[in-house]
Amino acid sequence: MIGKPKASSCPFCPTVDELKIALVAWMKTERPDLLECKIEQYMNQRGHQMIWTPPYCAKLQPIELFWAAGKNYASYHAFNGQSMKQTVQLLHEGWYGNERLWQEGKQYVG
């Protein structure tokens, strides 16, 4: 090939991945504050610990599980012609249970 240097004449040049690893290693020892995000610093200063979950993995996102419970309950108990208020009530029951059944002492079945 034209313009390709011989392997013996080319000085060592690290790959992008090697540079990333070296930069993170340097930052861990010299500037660890730059590796923490601002919200994590804020929470740590107040005695809280962040638990990061993988993005786009609905089974590990608590809010997705919460919504799923409400939507499943509402869809199971849905009927034709129900109002938006009734749908919201069904969502609420799916999330928190049916308070009327609790007050009557009946076992709640979702």
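Pro54 is partly exposed, with a relative accessible area of 40%. The model is a predicted one. Pro54 sits in the loop that joins helix H2 (38–45) to H3. Leaving aside residues up to four places away in sequence, Pro54 touches Leu60 and Gln61.

**The chain as a whole**

Five helices make up the secondary structure, with zero strands. Along the sequence the pattern reads α-α-α-α-α. The chain has 110 residues, and 12% of them count as buried. Its accessible surface comes to about 9,900 Å². Carbon and sulfur atoms hold 61% of that surface. Take the contacts in the chain with a separation of 6 or more: residues 24 or more positions apart account for 18% of them.

**Helix H3**

H3 has 15 residues. From its first C-alpha to its last it reaches 21 Å, close to the 21 Å expected at 1.5 Å a residue. Which residues of H3 are buried? They are Gly70, Tyr73 and Ala74. Seen down the helix axis, the buried residues of H3 fall within an arc of 100°, so they line one face of the helix. An α-helix has 3.6 residues a turn, so residues three or four places apart point the same way. The buried residues of H3 pack against H4. On the other side of H3, Asn72, Ser75 and Tyr76 are exposed.

| Group in H3 | Residues | Relative accessible area |
|---|---|---|
| Buried | Gly70, Tyr73, Ala74 | under 20% |
| Exposed | Asn72, Ser75, Tyr76 | over 50% |

**The nonpolar patch**

Which helix gives the most to the patch? Helix H3 (residues 62–76) does, with three residues. Tyr96 has its place in helix H4 (residues 84–96). Is Tyr96 buried or partly exposed? Tyr96 has a relative accessible area of 45%, so it counts as partly exposed. A residue needs over 30% relative accessible area to join a patch, and Tyr96, at 45%, is above that cut-off.

Key. Residues numbered from 1 in each chain as written. Predicted model: local features only at pLDDT ≥ 70, side-chain atom pairs only at ≥ 80, totals over all residues. Heavy atoms only, no water. Helix = DSSP H or I, 4+ residues; strand = E, 2+ residues; numbered from the N terminus. Buried < 20%, exposed > 50% of the residue type's maximum accessible area, 1.4 Å probe, protein only. Contact = heavy atoms within 4.5 Å. Areas by Shrake-Rupley, 256 points an atom, 1.4 Å probe, with all protein chains shown as cover. Expected span 1.5 Å × (residues − 1). Arc of directions from axis to C-beta.
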